[in-house]
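Please look through the sequence and the model below before reading on. The points that follow are meant to be checked one at a time against the structure.

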Amino acid sequence: MNSRLLILFCSLLAVAACGPDLTPQKYRVKTILLSSYEEYSFTYNNGKIKTITGTDLTTLAYTYYTDSTSIRHTDANGSTYQFTQLSYSGSLLTKVKVKWKFLNTWYTDSVRFAYSGNKPTVMVNKNAIYQLTLTNGNLTNLKRGVGNVQITNTFDAIVNPLQNVYWLDPFMRINGFNATLQPDAIARYFSQNNLSSSSKSVSNISETTQYSYIYLHGILPKAINMNILSNNGNTNNIVFVFDIQYEAKDAASAM
């Protein structure tokens, strides 16, 4: 048996013997092992993320203000290479601004949100305006223009433990001097259940990303795989997250 699978199997047996409380809201993320084989550990202060530190020695340090959260990204040498600024109106996320360094030059980009009540209805990135639709607490549709870009999402019935938590799943992926919008990350942030599929239609190109989960006791995602289906060919059995470890919010016990 693969060593990672053996560790996962043993941890599942150990938790089963403890008889955990099956209320997902009582747990928070402790560590995440990504497909890059880098593991990131979470620390908390007063219930909020304080730091996320990776085995590659990168660190995300969170600072909280009355109406915003600042995230400072540092590398293994302790040098800052990115800032992420989250702005809020009450509890509603209104803007994510990213400032990053590439070849000794700083670049910025942002995405803004407008609401109807407590539901996000409009998203703006650069000159692109997206109409957002929430159905039963999940971001089911993103649409730009008249048929230019259409994204339709489906969800399972399991509670998303990272709803309204901004972590390693960025709204904008940095690549050189470009920042590319990540609609799936935005859907995961705003949705109360876990994303099952995201179908994108851009002009004559269509693509569907399917997510499959291994669940711990049927309540918390433990590992996440994905398949990408498109009219240009399919890519199957991609590991999105190898392993997520949890801990109780009011105790040090792991789940």
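**Note on charges and buried residues**

1. Strand 7 (residues 92-102) is the element that gives the most to the positive patch, contributing three residues. Strands, like helices, are DSSP runs numbered from the N terminus, with at least two residues (E) for a strand and at least four (H or I) for a helix. The model is a predicted one, in which local features need pLDDT of at least 70 and side-chain atom pairs count only at pLDDT 80 or more, while totals for chains, interfaces and linings use all residues. Residues are numbered from 1 along each chain as its sequence is written, and side-chain values use heavy atoms, with hydrogens and water left out.

2. The patch of positive charge lies on the surface and brings together Lys95, Lys97, Lys99 and Arg112. A patch is built from residues with over 30% relative accessible area and no salt bridge, like charges being joined within 9 Å and nonpolar side chains (Val, Leu, Ile, Met, Phe, Trp, Tyr) within 5 Å. Lys and Arg count as positive and Asp and Glu as negative, whereas His and the chain ends are not counted; each charge is placed at NZ of Lys, CZ of Arg, CG of Asp or CD of Glu. The areas come from the Shrake-Rupley method with a 1.4 Å probe, and for residues only the protein chains shown count as cover.

3. Arg112 belongs to strand 8 (residues 105-116). Arg112 counts as partly exposed because its relative accessibility is 41%, given that buried means under 20% relative accessible area, exposed over 50%, and partly exposed in between (1.4 Å probe, protein chains only).

4. A salt bridge here is a side-chain nitrogen of Lys or Arg within 4 Å of a carboxyl oxygen of Asp or Glu, and a search of the whole structure finds five of them.

5. How far apart are the closest N and O atoms in the salt bridge of Lys222 with Asp243? They are 3.3 Å apart, and the pair links distant parts of the chain, with Lys222 in strand 17 and Asp243 in strand 18 (residues 233-248), 21 residues apart. Lys222 is buried, with a relative accessible area of 2%, and Asp243 is buried as well, at 14%.

6. Strand 17 also holds Ala223, which counts as buried because its relative accessibility is 7%. Ala223 and Gln245 are 22 residues apart in sequence, and their C-alpha atoms are 9.6 Å apart in space.

7. Ile219 lies in the loop between strand 16 (205-216) and strand 17 (220-230), and it is buried, with a relative accessible area of 11%. From C-alpha to C-alpha, Ile219 and Pro161 are 9.1 Å apart in space, although 58 residues apart in sequence.
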